[in-house]
Amino acid sequence: MPTYIKLKDGVAAWAEDAFTTVADEEKLPRGDVIISLERFKTEGDHLLVEGRSLGVRLEAGEAVEDLVYDLPRLSVIALVFPKFKDGRNYSSARLLRDRYGFKGEIRAVGEVLREQAGHMVRCGVDAFEPYDGSTPEQWQAAAHRYRHVYQRDSDARVPAFVERAQ
Amino acid sequence: MYRYDEIDKQFLADRTAEFRGQVERRLINEITEEQFKPIRLMNGLYLQLHAYMLRIAIPYGSLRSRQLRMLAEIARTHDKGYGHFTTRTNMQFHWIKLREAPDIIDKLATVDMHSIQTSGNCIRNTTADPHAGATAEELDDPRVWCEAVRQWSSVHPEFSFLPRKFKIAIVASLKDRAAVRIHDIGLYMRRGRNGDLGFEVAVGGGLGRTPYVAPTIRQFIPAARLFSYLEAILRVYNRYGRRDNSFKARIKILVASLGVEEFARQVEAEWEKIGEGSDLPDTELARIRGAFTPLPFETLPASSSAFEEARLADPAFARFVRNNVHPHKQPGYAIVDVSLKAIGETPGDCSAEQMDLIADLAERYSLDDVRVTHEQNLVLPHVRLDDVPTVHAALAAAGLATPNVNLISDIIACPGLDYCALANARAIPIAQHIAERFADQDRAELIGELKIKISGCINACGHHHVGHIGILGVDKKGEEFYQLTLGGSGAEDAEVGKILGPALPENRVTDAIEQLVEVYLRERQDGERFLDTYRRTGMAPFKEAVYADVH
Ligand code: SF4
């Protein structure tokens, strides 16, 4: 089974990936799969009835709002970061966690570099397929580079303005 | 001035450590230049024509003496003995070696300074009124809000990979000294119906190849709700701003393509969903306010005999007062503008010795406070009237007392082809020629307020679109040509200038400026500035004068 990095109680560690990511033109293998939003719309109900766990791959630019009513039935949302520079899915992660209360795995895929680790973790992403070969240790260090943060966000970190008031 | 606490200091220390590590990885080729580029750009490090350029943030243009001395020290040790103040009120050093960059960053951190987010597609340094805290015109000190924005935007988890760079400006008086409407978000402090403080919010200004003056999307947002409202604007932009074409990626294009009303509707809808959870608590705003050292103003009479006598005795001082000295809210004090536009010099350049001198003057005579203006000048904001003659004499001895603020030789110019890889043409020599042509100060005062702004290419770092006279460098078959625009303004009467006619060769530019000035002097009615006359008469008489010999 392929591995990826997953946060367990806030600590990055290797994890085995139980899901197979399937492209739209590919035939579905057995077991748990991550499919596109498009495919989910047509085949999702049927696959869930089969008893599979499902993940949906959200491209940058696709709206999380389209998934709101399905979130309780989904195990994984894979957010695609097509380029390091493309920050649209940071907003998706925040909305999934804060506004829509998604409790499943949010996984960052695409051009996922260590330099983004802190931003992703703070926006509520808890699983990563690093593009730069980062190890969990490197990922963990990068994500916790800063002892303090200035904003309240989707993670549990205490923002500076709360620290100061304590 | 805002004093860093332990949290601010540790945050900065963590950042500098990270950057040092990244530079080391680059120097031993563990990462390629391509991978390093977005990283260095998050730290204000650009690769230019001749060397690396480091852009250092001067948050809302506010400096203490020891910070300015550190910039002088960096200029001496790591550059060629001078630095360049930009229209973003930052400082640029143009001759930096990559391996020295981490040391510079460390030095900056010792005086609570940094280069974070001075480049890249993130929220940049906030611009403020350079007379903040000194002018009687303001409703509140905008720097308190700028500092809150600085903290909120520092390494923002969600808004650090925006479609394009993002600039915010805040002023709290009716006079706009910060070019608010050419920012992505412009905030004007206002009082609501019940007397409570808040902001008028303008979104979508910006220059470049499609210049826009920002339209107001909301007349009043209560101050306590500012941060949730900013979050709403940024989220709409982050999600829906264009990313397929970097020339169309600024928020101004999103606002223009959706239409102001639809954009505002989307922001309002998002804002309602966000709720108050994203606002900064009042306690933190009060803490930030308290962390600005209260200024120990003396109780002084409103006028000063030393000041008045010097004005009568010394015409040069009197001229300096007329052009560079402004009223202060505190009786017996004045705001003193320090022009970095000495005739024949590079606009915005400042030598290490000059920086040291201004730092000394600030420490002794201006309550340890120096400001940088977006027009590339400095300000000593709190000088006792009694001390203005002494300060003037010291500035004059260092070539810093040019009495030309807001006059024709107070020109904004971007680095242009002398430094910048993107330039079509030089900007600095053009500014120098024009300033030399109008070196006669009597004539300059007779002409009055006239803002000339020069950019070396359409990116418009020299704000040419909003110059009363704008000058844009264009490339015509490998030769430097210049296109003139008239009628722009970056102030409270903001407007984008209109093209005068076909671009002119370099050797025609200064003559053309002179012809424009002649027309203005001929046509003007009492009290009119150049801009007012242009707005009344329109383009025709100006165009005729400049292109007369072409017919
Ligand atoms: S306006 Fe053009 S030439 Fe001037 S600094 Fe900006 S990018 Fe460079």
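Reply: A word on classes comes first: Ala, Val, Leu, Ile, Met, Phe, Trp, Tyr, Cys and Pro count as nonpolar, Asp, Glu, Lys and Arg as charged, and the others, Gly among them, as polar. The model is predicted, so local features need pLDDT of at least 70 and side-chain atom pairs pLDDT 80 or more, while totals for chains, interfaces and linings use all residues. Residues are numbered from 1 along each chain, chains are lettered from A and ligands numbered from 1 as written, and side-chain values use heavy atoms, without hydrogens and water.

Me: How many charged residues are in the lining of the second largest pocket?

Reply: A pocket is an open set of points on a 1 Å grid over the protein atoms alone, with protein on both sides within 12 Å along at least five of seven lines; lining residues have an atom within 4 Å of a point. This pocket is lined by 32 residues, with B:Lys175 and B:Glu375 among those nearest its centre. Nine of the lining residues are nonpolar and eleven polar; the charged ones number twelve.

Me: What is the volume of the largest cavity?

Reply: A cavity is a set of such grid points where a 1.4 Å probe fits but cannot get out. Points are joined across faces, edges and corners, and a volume is the space filled by probe spheres set on them. The structure holds eight cavities of 30 Å³ or more. The volume of the largest is about 360 Å³.

Me: Which are the edge strands of the open sheet of five strands in chain B?

Reply: Strands (E, at least two residues) are DSSP runs numbered from the N terminus, and two of them pair if DSSP finds at least two bridges between them. The order is 1-2-5-4-13, with antiparallel pairing. Each edge strand pairs on one side only, and they are strand 1 (45–47) and strand 13 (349–351) of chain B.

Me: Which residue stands opposite B:Leu47?

Reply: Strand 1 and strand 2 (residues 52–56) of chain B pair in the antiparallel sense over three bridges. In strand 2 of chain B, the residue opposite B:Leu47 is B:Tyr52.

Terms used. Helix = DSSP H or I, 4+ residues; strand = E, 2+ residues; numbered from the N terminus.
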